[in-house]
Each structure stands twice: as structure tokens, then as C-alpha cells.
Amino acid sequence: MLNAIDRRAAGTAAPDVRLELPGEGETSLAKVIAGAGGKRVLVNLWATWCPPCLAEMPELDALAGDKADTLLVVPVSQDMEGWQAVNGFFAPGKFKVLTPVLDQPGSLGEALKVKGLPMSVLYGADGKEIWRVAGTPDWASAAIRAEVG
């Protein structure tokens, strides 16, 4: 189901895996969701070696800005080269809203059973999955924007 919303895992709790914040701080997906202030959280698993991932990042940045009152977009890098690769793509000033986090050694992707990138998962403020989408949907479309809330 490429580029289509998949609700088969709806209601599943977000995996509590360790993520790295810029500057080498640590967090977890559960903490990110809890700290979102009641917003939905769209987790986007991506990598710098994935052309579709890079192509959708400006649309995700625009979505994050437009829906800032109700949605937090979290790009979670799957790059094995770590911050060296991520920081090269997330140059200062390139994106207005997005702040990347790092998933090494890919625990989140493994927990979510991700088979390819990009993969986006929408969580409610309660930490439960609402839906997921593999591929690159049109994040600017009215239909997708209505689905993210």
C-alpha cells in the first residue's frame, strides 16, 4: 500500500525506543509524544541516501509550519553515518520548523517493522498509532492535511 494510509496498526502504543537529539542528548519516542503538549505527532523515518525522503522533506516542513497548533512533525533519521550525514542535509536555515532526531542503530524502524523508507506514522496525544503511510503521499493535499488533524 504505497502512498496510502494504513490503519491496520491503529491503537498500538508507540514503541519506547531511545532516540538522539541534536547535540547528543537522548530522548525516547514516548517522551517526544508526551512533550508535544497534546498535539498529534507525525514521525517520519527517513535517510539522506533515500531520494524520495529528501524530496518530501520541504513538504513536511511546510505541513509542520501550517499545522503547528495541532501537529508536531518529527523527522527520525535512519542514517548509519549519524549526525555527520544528518547535519549535512539539515544545514542551518534550510528548514523553518523541522528538527531532526537520530535513530541508531535503527531500533524504531525495527520496532515498527519498517520495510522501506520513507515511512510516516501518526500518533495521537495518547501515544497510540492512528495510521501509517509508506512512501511519499502528497503532504500538501487537502485529504492528507485533513487526516493529520
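Biologist: What volume does the largest pocket have?

Modeller: The largest pocket has a volume of about 230 Å³. A pocket is an open set of points on a 1 Å grid over the protein atoms alone where a 1.4 Å probe fits, with protein on both sides within 12 Å along at least five of seven lines. The volume is the space filled by probe spheres set on the points, which are joined across faces, edges and corners. This is a predicted model, in which local features need pLDDT of at least 70, side-chain atom pairs count only at pLDDT 80 or more, and totals for chains, interfaces and linings use all residues. Residues are numbered from 1 along each chain as its sequence is written, and side-chain values use heavy atoms, without hydrogens and water.

Biologist: Which strand gives the most to the lining?

Modeller: Strand β8 (residues 129-134) does, with three residues; lining residues have an atom within 4 Å of a point. Strands are DSSP runs of E of at least two residues, numbered from the N terminus.

Biologist: Which residue is the bridge partner of D6 in β8?

Modeller: The partner of D6 is R132. Strand β1 (residues 5-6) runs antiparallel to β8, joined by two bridges; strands pair if DSSP finds at least two bridges between them. R132 also stands opposite V121, and β7 (residues 119-123) pairs with β8 in the antiparallel sense over five bridges.

Biologist: Changing topic, how much of the chain is buried?

Modeller: Of the 149 residues, 48% count as buried, meaning under 20% relative accessible area with a 1.4 Å probe, protein chains only.

Terms used:
Helix = DSSP H or I, 4+ residues; strand = E, 2+ residues; numbered from the N terminus. Buried < 20%, exposed > 50% of the residue type's maximum accessible area, 1.4 Å probe, protein only.
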